[in-house]
Amino acid sequence: MCIIIVKNSGIDLPDKEILKRCWNKNPHGAGFMFNNNNKIIIKKGFMSYENFYENLLRNDKQYRLKNQSVVFHFRISTSGLIDKGNCHPYPLTNDSIYLRKTNLRCSIGIAHNGIIQEYNHKDSVLNDTQLFIKNIIYDLISNTKIGYYKSEVFKKIME
């Protein structure tokens with residue numbers, strides 16, 4: 001199963017060896033996201049640990065990631081292609097091309113750990129999480145008048 005690490009603001013980045021262990025157990029790519037000026041910055045598509053860690057250090061220097069909450073995702077594929085575009089996190093969108101971008105800014109970022117059975121098609125370009133975001137979550141959040149996170153439907157789906 002994939003690994004997600006959440007690092008809160010004010011806390012140091014996870015130790016290099018912890019990140020390496022996560023990579024070794026989930027070697028199908030990695031990514032991370034953080035907030036900067038009320039936009040989520042997503043960096044993903046790292047297909048080697050060295051590339052992932054080098055990019056993390058570069059972003060830490062530029063954005064001072066100790067002062068940001070950061071979500072890391074290490075992928076082990078259960079559906080979709082094993083490539084840069086299927087690494088997590090993802091933007092909230094119904095656009096397949098945007099879901100596969102590797103360096104982007106958005107309003108809401110999503111990472112998932114687990115398998116969504118109905119969307120688990122091994123021959124698909126997109127993986128189960130991308131399809132679920134595109135087909136379910138995007139419409140639900142976009143069409144909710146109250147804060148989507150308060151919606152009983154949203155809470156039930158997330159459970």
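Student: Which residues line the largest cavity?

Tutor: This is a predicted model, in which local features need pLDDT of at least 70 and side-chain atom pairs count only at pLDDT 80 or more, while totals for chains, interfaces and linings use all residues. Residues are numbered from 1 along each chain as its sequence is written, and side-chain values use heavy atoms, with hydrogens and water left out. A cavity is a set of points, on a 1 Å grid over the protein atoms alone, where a 1.4 Å probe fits but cannot get out, and a lining residue has an atom within 4 Å of a point. By that rule the lining of the largest cavity is C2, R75, I76, S77, T78, S79, H88, H112, G114, N127, D128 and T129.

Student: What is the volume of the largest cavity?

Tutor: The structure has one cavity of 30 Å³ or more. Grid points are joined across faces, edges and corners, and the volume is the space filled by probe spheres set on the points. For the largest cavity this comes to about 80 Å³.

Student: Is N127 buried or exposed?

Tutor: N127 sits in the loop between strand 7 (109-110) and helix 4 (128-142); helices (H or I, at least four residues) and strands (E, at least two) are DSSP runs numbered from the N terminus. Buried means under 20% relative accessible area, exposed over 50%, and partly exposed in between (1.4 Å probe, protein chains only). Because its relative accessibility is 1%, N127 counts as buried.

Student: With which side chain does the side chain of N127 make a polar contact?

Tutor: A polar contact is a pair of N or O atoms within 3.5 Å; within protein, one must be able to donate a hydrogen and the other to accept it, and residues adjacent in sequence count only if both atoms are side-chain atoms. A polar atom of the N127 side chain lies 3.2 Å from the backbone oxygen of N86. The side-chain partner, at 2.7 Å, is Y90.

Student: Which residue forms a salt bridge with D83?

Tutor: A salt bridge is a side-chain nitrogen of Lys or Arg within 4 Å of a carboxyl oxygen of Asp or Glu, and the structure holds three. D83 counts as buried because its relative accessibility is 19%. With closest N and O atoms 2.5 Å apart, its partner is R100.

Notes:
On a 1 Å grid over the protein atoms alone, a cavity is a set of points where a 1.4 Å probe fits but cannot get out, and a pocket is an open set with protein on both sides within 12 Å along at least five of seven lines; lining residues have an atom within 4 Å of a point.
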